[in-house]
Amino acid sequence: MSIFRLGIDYRPRGDQETAIASLVRGLKDGEQHQVLLGVTGSGKTFTMAKVIEQLNRPALVLAHNKTLAAQLYQEFKSYFPSNAVEYFVSYYDYYQPEAYIPAGDVYIEKEATINDELDKLRLSATRSLFERRDCIIIASVSCIYGLGSPEAYYGMLLMLEKGQKIKREEITGRLVDILYERHEGDFRRGTFRVRGDVIEVFPTYDDLAYRISMWGDEIESLEQIDPLTSQVKQNYLRLPIYPKTHYVMSDETRASALGSIENELQWWKGELDKENKRIEGQRIWQRTMFDLEMIRNIGYCHGIENYSRHFSGRLPGQAPPTLLDYLPADAILFLDESHQTVPQLQGMYHGDRSRKENLVKFGFRLPSALDNRPLTFEEFENRVHQAIYVSATPGPYELTKTSGVVSEQIIRPTGLIDPEVDIRPIRGQVDNLLHEIRLRVECDERVLVTTLTKRMAEDLSEHYTEAGVKCAYLHSEVSTLDRVKILRDLRRGTYGRAGRNQSSARRARPAGSIAGGYLGCRQRRLPAIGWIADSDHGARGAKLERSGDSVCRCDDGLDEASDRGDQPSAHDSASVQRGQRHHATVHHQAHRSESGGDRRGRLCNDSVGRLRSERGGSTGTDGAASQGAGRKDETGRE
C-alpha cells in the first residue's frame, strides 16, 4: 500500500503519462541519473509528484533559490496534504560572512540575522525524516552546508512515556543538556517553564508546546497545548523531544573537543612562530583561548561552527555532515531547474575555501576552520544514489550523465503552445510598457517585467507607482517570507504588476519582457517564453537596443520554441476553434513613430487588440512581475 497519497483528483495529460512511466521504469531498473526535459508550463512538478507516489519512496527536491523552493513547497503541500512535506533553506535573513582583506588590512566580522520561522522549518524537516517514511523535503542548495551530526542529534533526544518513572529534576536536567533554556515569564521557542508538578516545553520545531504533568516521580499525562491559551490539542502515550538545535553534544564530546582544539592551537602557533609571523601567532592564541573559555562557561562562542570538526570527531579534510546524511538510503533526488542548480552546487565549495584561506593564513582562524564548509561537488555526487534532473534546458553535465537520453514532456496539459513574441526597439520603452500595463489591467490580467538589475526593478516600480499602477518589486534582497507574500498578492490581484529580480523569478501570467545580453542566453530565454504559456492570451515582448547577436540568439531560441510548439496535441482542435492557437513567432520592429505604434506585434488577446485599435496606442509587453537579474557583484547569493 502506498504511503504517499495525492490529494487532488487529476490525471496525467499531454506528455505527462509517458514521462512518468519512463522515469519510474528507470528508477526501478536502478538508473542513477535521468533527465526530465519539460517545457515551462507542462506540469513537471505534477510529474515529480506522480513519480514519488508510484515509487513510494521519500524524496529531496533541490531548487536553486529560496523563492522557487517556496513555490515548490506550496505545490507539493497541495499535492500531498496528508504527508510530511517540509521546507529546508538557509535560515539567514541577512548574512555577512567573516573575512579578511590583506590589501587594506581590513577584518570583517561575521554578522547575521536568523529567521526563527525558517529555523523552525529546518528542524521540523529533520524531525520528519526521523519519524516518517512519507517525507518530501523541498530544499535550496544550502542543504550541502555543514549541519550537526545526525547521530549526535538523534542520540540526544528526550523520549518520555506516560506512566514512566522519572524525577522532575531529571527531566529539567535533560532539557538543559539539549540546550533548552528555563524561562518562567517569556515562554518562547527553545524554552521551558516549571509550575509545581507541571513542566511546559516549547520546542523549536513546532508552533505548539508540550505539557508534562507529574504525579510524584511518575509521568501522569503528556499533552500538546496552545502556548498562548494553554488549550489542550492532543494527548500522547509517547513523546519525543528533540534538541533545540542541530549542533548539540554530550559533556564527554565537549571535553574531548576542547582538548583537541587546544592541541591544534599549540601546533599552529608553533608553525606561525617558525615562519616569524609573531603578530598572527599572538592573534590566533588570544582569539582561540577566549573562545575556549566561552565554551567552557556557557557552552557557546561566537563562530563556534569553525570548530565543528573537533565537535563531530572528524578527521582533517573529511566531509561535514549535511542534510543528505539525514536522508534514507533509498531517497530520490530531484534537481529542479538543473541547468542553474548544478552550477551553483559546483561553485559553493571554491568560494567558501578562498575566503577562509585568508582567515587561516593571517591568524584569525585555526586550519580546522577550513573543514566547516559546504560539500565539494564530488562529495555531493557520492551521496546521490538516484537523481532526476528537471529542466526545460538541461545543461551539459546532466546530458553527459545520461548520454543525451532524456524523458521529454513537450505537450502541455492545457494544449497551449508557446506564445507570440514581439521584439521592439529600446527607445521609449518605459512609456510603451506603461501603456501595455494599463491595457492588461483593464482586462483584469497580470503583468511581469524582467529587468537587468535590482536597481532597475526598484526604480521602475517606484516610477509606475507614481503613475498610479499597483506594483511591487521582487529580488534576492527581499526577505524570504516577504517574497512569498508578494507572489501571493500578485496572484490575488493586489498588484497589476510587480517588479522582480531574475534570480527570484519563477512563473508569469500572461506576458512579460525579455532583454538581450545576460537575459538573452538560451537557458534563460526559453523558460522565460514558457512562463506565460499557461494563459490563453499570453504574449511576450523583447526590447533590444539594436539588432545583432542578441536578436540572432533570440531568433534561435524562438525557432526551438516554435519547433516545440509544432508538436501535435490532443487539444489542438479545440484551441483552433477558440481562435487561440498561435506559434512562437517573432515580429521585429526596427522603427516606431512617436505618435502611434506599428501593430505587427499583434497579441492574441482579442480584447487587448480591440482596446488598442480604439486608442490607436503603441503596443508593448505585459507580465506579472518586474525582475532585475543583477550583475555578478550585486546578485545576492543564498
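The following legends describe close-up views of a predicted model. Local features need pLDDT of at least 70 and side-chain atom pairs count only at pLDDT 80 or more, while totals for chains, interfaces and linings use all residues. Residues are numbered from 1 along each chain as its sequence is written, and side-chain values use heavy atoms, with hydrogens and water left out.

**View 1. The largest nonpolar core and isoleucine 212.** This core (buried Ala, Val, Leu, Ile, Met, Phe, Trp, Tyr and Cys residues joined through side-chain atoms within 4.5 Å) has 59 residues. Buried means under 20% relative accessible area, exposed over 50%, and partly exposed in between (1.4 Å probe, protein chains only). Among the residues with the most contacts inside the core are Ile137, Ile212 and Phe380. Beyond its neighbours within four places in sequence, isoleucine 212 is in contact (heavy atoms within 4.5 Å) with residues including Leu160, Asp197 and Ile241. Another core, of 38 residues, lies apart from the largest one and includes Leu6 and Tyr87.

**View 2. Helix H7, residues 251–274.** Helices are DSSP runs (H or I, at least four residues), numbered from the N terminus. The 24 residues of H7 reach 35 Å from first C-alpha to last, close to the expected 34 Å (1.5 Å times one less than the number of residues). Its buried residues, among them Leu258, Ile261 and Trp268, pack against helices H8, H9 and H10. Just after H7, asparagine 276 takes a positive phi of about 60 degrees.

**View 3. Leucine 359 in helix H10.** Leucine 359 is buried, with a relative accessible area of 2%. Its C-alpha atom is separated by 9.6 Å from that of proline 102, 257 residues apart along the chain.

Note on methods:
Helices (H or I, at least four residues) and strands (E, at least two) are DSSP runs, numbered from the N terminus.
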